[in-house]
Amino acid sequence: MRFAGKVAIVTGGGSGIGKATARRLAAEGAAVVVADLDPRDTADLVVKDGGAASSFALDVSDEAAVRALAESVRAEHGRLDVLHNNAAALGRDVYGRDLDLADLDVAVWDRTHEVSVRGAMLTCKHLVPLMSKGAAIVNTTSVSALVGDTDHAAYGAAKAALISFTRYVATMYGDRGVRCNAVAPGLVMTDVARRVMTPEMLAEKAAERLLPWAAEPEDIAALVAFLASEEARCVTGQTVVIDCGTTVHRPEHAIRKARAQ
Ligand SMILES: NC(=O)c1ccc[n+]([C@@H]2O[C@H](COP(=O)([O-])OP(=O)(O)OC[C@H]3O[C@@H](n4cnc5c(N)ncnc54)[C@H](O)[C@@H]3O)[C@@H](O)[C@H]2O)c1
């Protein structure tokens, strides 16, 4: 029970990785606030499992809403121990339109950055004051921040900004004993990923990986929980890649592997 008596906020906790992280932190004793545009059933599931959770509906890019979240956590709990900045605009209207740069709607670029980067800035601005020695922030970035691609330039750039922001927050608050790290997943088999990925896309991803399995949301949740816990007390400012070995090897490795199959 690494989080017994602790209070955690998970943004984007209504679905996928955030939902798994909220459930993991609660299973280890945290009282979790599921902060999402649509928090859905995550808090109910936590309570059904015997944990403590509440929902807070907000847009993380809206400063008034984030201020209200901080006021609510202060009134309810008086403190914050873990902040998982995990929300991202991944719908068809934003991520789905983040394609060729020549046709890119600037609104897609702006919204991508608003949610991932301004959102994390606003939560840190308003929630770090509730944190004290031993508290931790974990930001969800992506391997898309570390390698290029022929689409999703807005997403990759925003996630790269989040890596830099992670280092700044770690530097600003280190002397107060508040840590800040990031996780950078590759493909994670969320319900959404299972729904939208074709067998061909899954086969391509399998050829890119070193390991024979893909990451599940619970794998990312386990890493977030470690980074947020006292066990990682000497780790700060880091971005930990969790991609089953997708981005560590020479490209030829995947080509040779595909040829051999
Ligand atoms: N699934 C993957 O393969 C993968 C890979 C690398 C990184 N990531 C990152 O992991 C994080 C979670 O992704 P996921 O796959 O679980 O996605 P998801 O779509 O299942 O969950 C994202 C959640 O964020 C919420 N959200 C979106 N905009 C918001 C806003 N403005 N304010 C508050 N909440 C908002 C959504 O309602 C949703 O519940 C994201 O930061 C994503 O970029 C995912």
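How many cavities of 30 Å³ or more does a search of the whole structure find? The search finds 1, a cavity being a set of points on a 1 Å grid over the protein atoms alone where a 1.4 Å probe fits but cannot get out. The model is predicted, so that local features need pLDDT of at least 70 and side-chain atom pairs count only at pLDDT 80 or more, while totals for chains, interfaces and linings use all residues. Residues are numbered from 1 along each chain as its sequence is written, and side-chain values use heavy atoms, with hydrogens and water left out.

View A. The largest cavity holds about 60 Å³ of space, a volume being the space filled by probe spheres set on the grid points. Helix α4 gives the largest share of the lining, 4 residues.

**View B. Packing of α4 against α5.** Helix α4 (residues 106–127) and helix α5 (residues 153–173) pack at an angle of about 15°, with their axes 8 Å apart; they are therefore roughly parallel to each other (angles under 35 degrees). The contact (heavy atoms within 4.5 Å) includes Trp109, Ser116 and Ala120 of α4 and Tyr155, Lys159 and Leu162 of α5.

**View C. The second largest pocket.** This pocket (an open set with protein on both sides within 12 Å along at least five of seven lines) has a volume of about 250 Å³. Of its 17 lining residues, Ser15, Gly16, Lys19, Thr190 and Asp191 are the closest to its centre.

How values were computed. On a 1 Å grid over the protein atoms alone, a cavity is a set of points where a 1.4 Å probe fits but cannot get out, and a pocket is an open set with protein on both sides within 12 Å along at least five of seven lines; lining residues have an atom within 4 Å of a point. Axes are lines fitted to C-alpha atoms, for helices over the stretch in contact, and angles run from 0 to 180 degrees between N-to-C directions. Helices (H or I, at least four residues) and strands (E, at least two) are DSSP runs, numbered from the N terminus. Angles under 35 degrees count as roughly parallel, over 145 as roughly antiparallel, 65 to 115 as roughly perpendicular and the rest as oblique.
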